[in-house]
Amino acid sequence: MSDKPSSKFHELSNELSDFERRKLLQRLSVYNPEKEDYLTNNNKNQPEQASNIKKKEYIDKVLKSIGFLRKIILMIKSFFRGQKVENIIIEDELNRIKRELNNHYGKYFNFQEQKFTHHFIAKFMPLLVNIKFIMSDFVIFDEDKVHFYDFLAFMIEKTNNLELTNILEETLPENIENKKEFLDKNKYLIERDNRLKKYFSQFESQVSHNLNPQYIKLDLLFKIIFFKYDLLTRNFLISDIGDEVTPINVADFYSVVDVLEKIYRLFTSFNVSYQELFIMDDFFDYFRRFPIEKGNDEIVEIARYQDAILKIFHNIEELQKEIPFTVIFQYLYKNLFYQSKQIVYSSHINDIYRTYKRTILEKLWENRYHELKYQNIMEMIHELMPGFNFNTLEYFNFELKKNLEKYSQKIIEDFYALNLICEFLKKLYLNNLEVYINKILIDGIFKKEQVHSNLSAAYYSLNSMVAKITAFDNKFKTDNVMEKKVTMTLRKVANDPNYKSPLINIVSDINSESQELRKEAEEAIRFITQFCHTLMDLNNPSNIPITNFALLRFTGYSSSYSATEYAINLFQNFYEIYQLVVESFI
C-alpha cells in the first residue's frame, strides 16, 4: 500500500487540538472494555446459582467415589462439628489444597501468619522492573490513545487491496477539484459524505477480520503495562521498584488477593507469545517511521524498547509457570470452582477504525474547506479588484495584526473587512459609482424627502469613509500616540506575559473602533444597493422613488436603467464578497 494516505492521516492526528483529541477519545471510549468494569474481582462476580450447581455436582461425585466407611466418618464429623456433610467435604479439599501449596510452594507462603513471603513478591520484580524501564515513554499510550488508534488504522490499511487503497486516496480532500459551488458548505459536505460512504462501503465488503484477535491481545498487553502495580507492592512495603526485596517485604493474604486476581485475569486473557502476536513487529516498525513528538521538539523513540517488551512477554509466561495462581485463589476465596474469567471485548477493531478514520477524515475535510473557501473568495475578489491582497492599509498591517494577536490571544476582528472596504471605495466606488449616486441626488425628483435624506446620508458616509479609515490607519504610524502605546505594551508583554491585560484592552479598543467604521460603511452600501433595486422595480412603477428616473442621463450609458444595472452589479458583487470575508476571516 502507498504510504501517502497513512502519512497524511498520521500528520493530522498529531495536529488535533486538545479538545478534538478529548472528543475523539470520548467517541472511542464506548469500545473499551473498561466500561464493563473489566477488572472487577472475578470471584465476587460469579453467579451464586451457577456456583451452587457446581458445588452440588462436586459433592455428588465425591460421595459416589468413596466407600461406606468413609461416608460413616463424614457423618460422624458432621454430627460432632454441627456442619453439613457437603461443607465437611469442601473443607477437607481446601485443607488438601493448603497442604499442596505448603509442600510444593512453601517458600511463597506463611500460613501460620496468613502472609505472602518476600519470595512471592520477588517473582514479580523482573516484570515490574521491565515495565518501569519502558513506562516513561510508553505512558503516552495511556495518556493519549490517539497514537494507538493511529497505529491500528495503519495496520488495517496495510491489508487493503489496490482498489480499496485508491478509493481511500479519493477521500483525501486535496484530491477534489475546487468549485465555486463549494462556497455553499452543504454542497461541500455532500461531496465529502459521498466519498466517505463509498470507501467505508467497500471497506466492509473487502476488509479482512483476522486483525481483531491481534488488536485485543495488544490492547491487553497495554493494560498489563499500565496496571497500577503499586496496589500490590505497597502492601509488601515496597516503595520503589528498584529496591532490593528483603524478608520484611511480606503482605497479608487478604490485603492483596483481589489485586492479584485482577493481574492474573489480565495474564490469562492475554496468554500469547511474542511470536504469535505478529502485530508487535509492525508496531515497532510503525513508530520507527512515524515517531511520536512531545513538547519542546522531544521525540519519543518507542522502537528502542522492543527488547524490553520481549522480556515482558517472557516475565508474564514465567510468572504463570512459577506461581499456582488458580490454586491460590481456590484456597483464599474458599472456592474450589474458581476459574479466571476471560476479559470480553464486545467491540471489533473495524468499529474502532471506522470511528477513528471518520473523525480524522472529517477534520481533513474541515481544514480543506477553509483553504478552498479562501481560494474561492480570493478569486472572486481578484475578478472584481485585480491584484488586491488585503494590504491597502499602510500601518494597520499584517505584521501589526500578527503581533497583537500573538501576545494578547485575542482576534483583530475587522482587519480584512476594513482593507476590503477601503479598496472597494478607492478603486470602484469613487471612480465609478460616486458620480452615479451624485447625479441622482442632484437631478432626481424624489417622491419622498425622507428617501432623499437617507440616500444623501449614505452617500456622504461612503464619500468620507476612505478618509476615516485612513485616519484610523495613521494612528499606527511611527511616533503617533497609539503606535507608541502599542509598541511599548507589546515590548512589555514579550518580556512579562503577566502584563497582558493592558494589551487586551488596546485590542478591545481597536476592535470597537474598527467595528464602528465597518458597520457604518456596511449600512451605507446596503442602503444604496436596496435603493438601486427599487429604481428597477418596473413591474411596480409606483414603488420607484424618483418620478423622472427614466429621463436621467448618465455619461457612458445608453439609459438610466443600464447605468443602474451596472451599479447594482458592482454593489452586489462587492457585498457578496464582503459578507464572505466577514463570515470567514474574522
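Partly exposed residues are those with a relative accessible area between the buried limit of under 20% and the exposed limit of over 50%. The views below are taken from a predicted model.

**View 1. Lys334 in the loop between helices H17 and H18.** The loop joins H17 (325-332) and H18 (349-384). Lys334 is not a glycine, yet its phi is positive, at about 55°. Its relative accessibility is 44%, so Lys334 counts as partly exposed.

**View 2. Gln409 in the loop between H19 and H20.** Helix H20 spans 415-443. Gln409 also has a positive phi, of about 60°, although it is not a glycine. With a relative accessible area of 60%, Gln409 is exposed.

**View 3. Packing of helix H19 against helix H22.** The axes of H19 (residues 398-408) and H22 (residues 481-495) lie 10 Å apart and form an angle of about 45°; the two helices are therefore oblique to each other. Their crossing is left-handed. H19 contributes Leu400, Asn403, Leu404 and Tyr407 to the contact, and H22 contributes Val486, Leu490, Val493 and Ala494. Of these residues, 7 are nonpolar, 1 is polar and none is charged.

**View 4. Phe124 in the largest nonpolar core.** This core has 110 residues, and those touching the most other members are Phe124, Phe138, Phe141, Phe283 and Ile309. Beyond its neighbours within four places in sequence, Phe124 is in contact with Leu232, Leu260, Ile263, Leu319, Ile323 and Phe325. Another core, of 73 residues, lies apart from the largest one and includes Tyr416, Met465, Ile525 and Ile544.

How values were computed:
Residues numbered from 1 in each chain as written. Predicted model: local features only at pLDDT ≥ 70, side-chain atom pairs only at ≥ 80, totals over all residues. Heavy atoms only, no water. Axes fitted to C-alpha atoms, helices over the stretch in contact; angles between N-to-C directions. Helix = DSSP H or I, 4+ residues; strand = E, 2+ residues; numbered from the N terminus. Parallel < 35°, antiparallel > 145°, perpendicular 65-115°, else oblique. Left-handed = near helix turned anticlockwise from the far one by under 90°. Contact = heavy atoms within 4.5 Å. Nonpolar A, V, L, I, M, F, W, Y, C, P; charged D, E, K, R; others polar. Core = buried A, V, L, I, M, F, W, Y, C linked by side-chain atoms within 4.5 Å. Buried < 20%, exposed > 50% of the residue type's maximum accessible area, 1.4 Å probe, protein only.
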